[in-house]
Every structure is written in C-alpha cells, then in structure tokens.
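Colleague: I would like to learn how to read a few features of this model. Where do we begin?

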Amino acid sequence: VGIDRFARRVRTSDGRAFDYDHLVLATGARPRALPVPGAGLGGVHALHTYPDATALTDALDRARSVAVIGGGFIGLEVAAAARTRGLEVRVLEAGDRVMQRAVSPTTSAYYEGLHRAAGTEVTCGALVTELVGSAGRVTGVRLATGEVVAADTVVVGVGVAPATGLAEDAGL
C-alpha cells in the first residue's frame, strides 16, 4: 500500500513493512469503465478477477441474450463461451475490426470469421451511447445509430488502464 523509496521500504495492507534492495513494481491494470449512462445496472459485467469470472459464469447460466462491448481478446473469449452455451451473442466493437489494437487485419478477419461461423453477430464501428434497463437490470445497449441491441447480460471488455496509483504515490 506504500513505498518509501528513500528508506527502501514497502508497507503492506496488514501494516507490515519490508526492506528491499531492488524493487520491481508489477501493479497490473484495472478494467476501463464504460462512461455511459446505465453502466451500473444489474447484469452488466467486467472480467478482471476471479470473483468477476464467477459472477459472469452465474449470469451466463441464467442469460438468454448477451451483448459483448469490445471485440478484443477478452470480449471474443466471453462471446465464444456464451455461444457454446447456446446463447444469442452480439459483439459490439467501436473500431473498424476486432482485435484492432493487437493483431494484423488478416488475423482479425480470421477470428471474426470463426465467431460469425459459430453464430455470433459481430458489429464493428458500433458506438455505445447508453445501457438501457428496467427495474435496475440491463435490457439492452443503445448505439449511436439509435438501435437498441436487446440483451439481458452485458459484458464490458473495452480494455484496461495501468494501475499507477502506488507508483504515483511514491513519486515515480
């Protein structure tokens, strides 16, 4: 929870302190939030931790239709798992192609083809403006075009941001 660079000491959440000779910071990342109205509705999931995975698995057991916001590795993996369960799945990717930031256009086309062949609907250039709901639960995703994609479960996989708080607090 804290680093004293000059004393070469770190503090942990349980109050203990440890001296170090060399320190490697591997702070990880946190999922990017989806900055739209309705993002806090029930039935909206991110996948970052084991409890997130457990909650999503439980949600998929009860779901009928799933909207996956983000066509990166996490989004496509969730889409494949949902299709394997026989659910209706639609991937909504803001970019021109799936996995755009990570792989070549040829690789993107290959994986998009696999998902389409499995029955997943993939929409690129999809700009999400709102998650809509009823009684506190998500019922769909509104796009900039005005279309509402019906979904009783929404998975947000729009990337991660580095967890820099600890480093910033230490003046790094």
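Predicted model: local features only at pLDDT ≥ 70, side-chain atom pairs only at ≥ 80, totals over all residues.

Colleague: Which residue takes a positive phi in the hairpin of β9 and β10?

Modeller: A135, with phi near 55°; the hairpin has 2 residues between the strands. β10 is also joined to strand β11 (residues 148-150) by 3 bridges, again running antiparallel. There, R142 has V148 as its bridge partner in β11. The hairpin of β10 and β11 has 4 residues between the strands, and G146 takes a positive phi near 100°.

Colleague: How do I read the sides of a helix?

Modeller: An α-helix has 3.6 residues a turn, so residues three or four places apart point the same way. In α1, L56, A59 and L60 are buried. They cover an arc of only 100° around the axis, so they lie on the same side of α1. Y50, P51, D61 and R62 are exposed on the other side.

Colleague: What do the buried residues of α1 pack against?

Modeller: They pack against β5 (44-46), β6 (65-69), α2 (73-84) and β12 (153-156).

Colleague: And aromatic rings?

Modeller: A pair of aromatic rings is described by the distance of the centres and the angle of the planes. This structure holds 1 aromatic pair. The ring centres of Y110 and Y111 are 5.0 Å apart and the planes are at 85°, so the pair is edge-to-face.

Colleague: Is Y111 buried, exposed or partly exposed?

Modeller: Its relative accessibility is 36%, so Y111 counts as partly exposed.

Methods: Residues numbered from 1 in each chain as written. Heavy atoms only, no water. Buried < 20%, exposed > 50% of the residue type's maximum accessible area, 1.4 Å probe, protein only. Arc of directions from axis to C-beta. Contact = heavy atoms within 4.5 Å. Phe/Tyr/Trp six-rings, centres within 6.5 Å; stacked < 30°, edge-to-face > 60°. Pairing = 2+ DSSP bridges.
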